[in-house]
Amino acid sequence: MNQEVFVHSVKGPDGTPLTFADLPPPGTTRWVVRRKAEVVAAVRGGLLTLDEACQRYRLTVEEYSGWQQAFDAYGTLGLRITRAQRYRETRAEEPASSRGGASAQAMR
């Protein structure tokens with residue numbers, strides 16, 4: 001028997017249950033931190049597939065992946081545009097040797 005399993009709620013970004021009704025409306029264009037975090041939590045928990053999220057919110061896979069990576073690295077603060085820019089700027093200013101990049105290894 002091949003039955004589909006439907007997830008009714010997942011753990012939201014703030015730890016409370018997140019249901020389909022709690023998700024941002026389809027076609028959302030103003031992406032505040034909370035909405036991005038809810039979409040990431042919904043995809044991770046199986047409330048939406050990646051394809052469903054991209055279609056519902058008109059996102060590219062790259063855009064969603066960027067949200068997920070920012071959330072993984074910095075939590076909800078990483079989902080703020082100004083924060084993400086600041087993290088990138090800080091990272092770019094670090095010497096390559098402190099990041100363990102290829103140029104740091106070549107110097108050894």
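User: In this predicted model, what is the relative accessible area of R34?

Analyst: R34 counts as partly exposed. That class runs between the cut-offs of 20% and 50%. The computed relative accessible area of R34 is 48%.

User: Which residue forms a salt bridge with R34?

Analyst: Side chains of opposite charge can pair when their charged atoms come close. For R34, the closest N and O atoms of the pair are 3.4 Å apart, and a salt bridge needs them within 4 Å. Both residues lie in helix α1, 4 residues apart, or about one turn of the helix. The partner, buried at 9% relative accessibility, is E38.

User: Which residue forms a salt bridge with R44?

Analyst: The closest N and O atoms in this pair are 2.4 Å apart. The pair links distant parts of the chain, with R44 in helix α1 and the partner in helix α3, 28 residues apart. R44 is partly exposed at 43% relative accessibility. The partner, partly exposed at 48%, is D72.

User: How far from R56 is the nearest side chain of opposite charge?

Analyst: R56 lies in helix α2 and is buried. Among the residues R56 touches are F20, L23 and L48. A salt bridge needs a side-chain nitrogen and a carboxyl oxygen within 4 Å, and R56 has no such bridge. The nearest side chain of opposite charge, E52, lies at a distance of 8.6 Å.

User: Which element gives the largest share of the largest nonpolar core?

Analyst: This core has 20 residues, and those with the most contacts inside it include L23 and L48. The elements that give two or more residues to the core are α1, α2 and α3. The largest share, 6 residues, comes from α1.

Technical notes
Residues are numbered from 1 along each chain as its sequence is written. This is a predicted model: local features need pLDDT of at least 70, side-chain atom pairs count only at pLDDT 80 or more; totals for chains, interfaces and linings use all residues. Side-chain values use heavy atoms; hydrogens and water are left out. Buried means under 20% relative accessible area, exposed over 50%, partly exposed in between (1.4 Å probe, protein chains only). Lys and Arg count as positive and Asp and Glu as negative; His and the chain ends are not counted. Contact means heavy atoms within 4.5 Å. A nonpolar core is a set of buried Ala, Val, Leu, Ile, Met, Phe, Trp, Tyr and Cys residues joined through side-chain atoms within 4.5 Å. Lists of a residue's contacts leave out its neighbours within four places in sequence.
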